[in-house]
Every structure is written in structure tokens, then in C-alpha cells.
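Let me put it up on the screen.

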Amino acid sequence: MSQINALPASGINVSFEFFPPKTDRMEETLWRSIERLAPLGPHFVSVTYGAGGSTRERTHHTIERILKETSLTPAAHLTCVDASREEVDEVVRQYRDTGVKHFVALRGDSQDGVGQAYVPRADGYRNAAELIAGMRAIDDFEISVSAYPEKHPESPDFATDIDLLKRKVDNGATRAITQFFFDNEVFERYVERVRRAGIYIPIVPGIVPIHDFTKVSRFSKACGAAIPAWLAERFEGLEEDEQTRSHVAAAFCAEQVLDLTRRGISDFHFYTMNRADLVYSICHILGLRARQPASAGAEAAAA
Ligand code: FAD
């Protein structure tokens, strides 16, 4: 087997991102996915915080359940949107008291929607850098933050964007997780820029498996992640062909992460969309193996 096809296997760290479910059915789907992915031994699993804090209780509930029912390490996403500093600090303290030691600290988007100008509350944290300083004043947490290989859409230029990342690190951020991207050259150039700015925390690529190309394209536009023409071409004409779409998605995702490993990347953060199938396959390709039976269902199928 050539070097290029060798399994990366050891030294790979993964983390998985979930969103808090809205309905009982969605909750079941989420927990099936957690059960399937947990044996892969993720470094941590994070749970998002809905726009404008709309999922505050549901995020908290999901995090609590992860703490109670699994041995996984949860990371709670938290934004500054539409909350005073005191309110946000109280949420942080509540999490700390339930055993949470890791946050993904974010500013969040305008309540008027993604892409609309963000207006901070007069008594609130103005951005993630300020939020991190507030968290650090409460306890010695592990704090992950966002990073934008194609720059944040509100940023006038890369220098401004990276300057804010530097402020987040100076205030205590320990890891950056990137917005998803599809062109690894873009990621590599971004990491070089970040290092030149004197930022040395891990910059972990955020990987989105393309379950639904139309949805991902729509979301990409809103958050400033480019879809290369060659990638769009791969999904061309597959709108009604779910099976082929999912094979193409798996092939592309495998290609992307394996190329990143060849560029020296060993940590990956997967935006799971609460689905395990594609992420499980990609982790398998990365050389990760379940440390215990993935689930009773999988055992039965294997027998
Ligand atoms: P910040 O890091 O505070 O700022 C983002 C950028 O905006 C900066 O890089 C800078 O370029 C610009 N900017 C901010 N303030 C200023 C200023 N004063 N002057 C000039 N430029 C400025 N959203 C959710 O609602 N819930 C989630 O759970 C969630 N999880 C996420 C997880 C990850 C890994 C990522 C990458 C994004 C996530 N988001 C989430 C989306 C995020 O909330 C949006 O991208 C939001 O617009 C910016 O939040 P932030 O923390 O990146 O902001």
C-alpha cells in the first residue's frame, strides 16, 4: 500500500457537535447518534446554543443528560445574544455547578437573523472576547472559540478578523474551532496567517458532512463559506437521488479529512447535524475504532 493510502490511525482526536433536539423524536435520534459515536472516544462533544439563546433550557438539558448518562466530556456553547452580562454569568455558574468545565464561547448572530448587523445590548458582552474574560473571572474553564478561514462575513478584512481571534486568545481561549470550509488550501493559508499573528492555540478544522447539498449551499452563503465549483459539480443532477448523493458526500468528506491529515492535521471537529452514519464512517477511515460495542443493534447485525 502506498504511503498516501496508509491509515492515519494513531494520534487522531475527534470531537462531535450536536444541536439540542426540539421534539421527543429528535431527542431519540440524537441519543441514537450519541450512542453510536461515543465508543469512538471523542475528546469532547459540544452542544450548540440556539439563535438568541432560544435553546437555553434544551441545551442545558442535553448537557446534563450527557453528564449523567455517559462518560463523555461535554462542552456547552454559549452566546452573548440578548442577555445581560449578569444573566450570561449566571448561566455559566449553573453549568459549572452541574460539572461543566468546557465552553464554546461565542458572540452569536443578530436576533434579526444571520447576516444582519449585530447590535450588542448595552448591559451585555459585546463579543466573544469579552465573554471569555467574564468566564475566566468565574472559573478556570477550558474555552473553545470560533475561527473563520474565509473570515467572518462582518469582518472588513482578515487583519480585523485575526485581531479579534488574538483578543479571544489573550483573554483565555484555549482552542479555536473553524467554520466549515471545503478547500483545504484556504484552511492552510488561514492557519499560516494566524501563526504569523502570534496565535499558537490549536486551530481545529470544523468538518461538515454534506448530508443535503442544497441546505449546505444555502447555509454556506449566509456564513461566508465558499462552495468551490468542482464540489458543486459533484452533486450536480443528484437532487432526486439520495443514495448516490450520500456516497458522493462520504467520498468527498473522506478525501477532505485524509488530505488534512497529510497536511499534518490530527484534530477534527465534526458538525454531526445529530446524525451518526457519515461521521462514523469518516472516523473509521481516519483509523478510529470503537472501544466497546457501538450498540446492541450493531452487535446483533454483526452476529
Ligand atoms: P466573535 O468572535 O465575537 O466575532 C466574529 C467576527 O466578527 C470577528 O472575527 C470580527 O471579524 C467581527 N467582529 C466582532 N466584533 C467586532 C468589532 N467590535 N469590530 C470589528 N469586527 C468585529 N451560533 C449560535 O448562535 N450558536 C452556537 O452554538 C454557535 N456555535 C458555533 C460554533 C462554531 C465552531 C462556529 C465557527 C460558529 C458558531 N456559531 C454559533 C455561529 C456564530 O455565533 C456566528 O458566526 C456569529 O456571527 C459570530 O459569533 P463569534 O463568536 O464567532 O463572534
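So, how many cavities of 30 Å³ or more does a search of the whole structure find? The search gives two. A cavity here is a set of points, on a 1 Å grid over the protein atoms alone, where a 1.4 Å probe fits but cannot get out, and a lining residue has an atom within 4 Å of a point. Grid points are joined across faces, edges and corners, and the volume is the space filled by probe spheres set on the points.

Quick housekeeping before the details. This is a predicted model, where local features need pLDDT of at least 70 and side-chain atom pairs count only at pLDDT 80 or more, while totals for chains, interfaces and linings use all residues. Residues are numbered from 1 along each chain as its sequence is written, and side-chain values use heavy atoms, with hydrogens and water left out.

The largest cavity comes out at about 50 Å³. Its lining is made of Asn13, Val14, Ser15, His43, Phe44, Arg175, Val204, Asp267 and Phe268. Two elements give two or more residues to that lining, β1 (13-18) and β9 (267-271). Of these, β1 has the largest share, with three residues. For the classes, Ala, Val, Leu, Ile, Met, Phe, Trp, Tyr, Cys and Pro are nonpolar, Asp, Glu, Lys and Arg are charged, and the others, Gly among them, are polar.

The second largest cavity holds about 30 Å³ of space. Among the residues lining this one are Tyr148, Pro149, Glu150 and Lys151, along with Cys223, Gly224 and Ala225. Its classes run to five nonpolar, two polar and two charged. Keep Tyr148 in mind, please.

Now the ligand. Which residues are closest to it? Those are Tyr49, Asp109, Ser146, Ser155 and Lys168, out of 21 residues that surround the ligand; a residue is near if one of its heavy atoms lies within 4 Å. Helix α5 (residues 158-170) gives the largest share of that shell, four residues. The shell divides into seven nonpolar, ten polar and four charged residues.

And here's Tyr148 again: an N or O atom in its side chain is 2.6 Å from an oxygen atom of the ligand. From the backbone side, an N or O atom of Arg107 also sits 2.6 Å from a ligand oxygen, and for Gly108 the backbone distance is 3.3 Å. On its own the ligand exposes 960 Å², and the protein buries 83% of that. Those areas are Shrake-Rupley with a 1.4 Å probe; for residues, only the protein chains shown count as cover.

You'll find it in the loop between β4 (102-105) and α4 (128-138). Is it buried or exposed? Arg107 counts as buried because its relative accessible area is 18%, and the cut-offs are under 20% for buried, over 50% for exposed, and partly exposed in between (1.4 Å probe, protein chains only). Its side chain makes a polar contact of 2.7 Å with the side chain of Glu154. A polar contact is a pair of N or O atoms within 3.5 Å; within protein, one must be able to donate a hydrogen and the other to accept it, and residues adjacent in sequence count only if both atoms are side-chain atoms.

Ser110 is in the loop between β4 and α4 too, and it is buried at 9%. Its C-alpha is 8.2 Å from that of Ala51, 59 residues apart along the chain.

Asp82, in the loop between β3 (74-78) and α3 (85-98), has a positive phi of about 50 degrees although it is not a glycine. Asn274 has a positive phi as well, near 65 degrees, and it lies in the loop between β9 and α10 (277-285). As for cover, Asp82 is partly exposed at 42%, whereas Asn274 is buried at 4%.

Note on methods:
1 Å grid on protein atoms, 1.4 Å probe; cavity = no way out; pocket = protein on both sides within 12 Å on 5 of 7 lines; lining within 4 Å.
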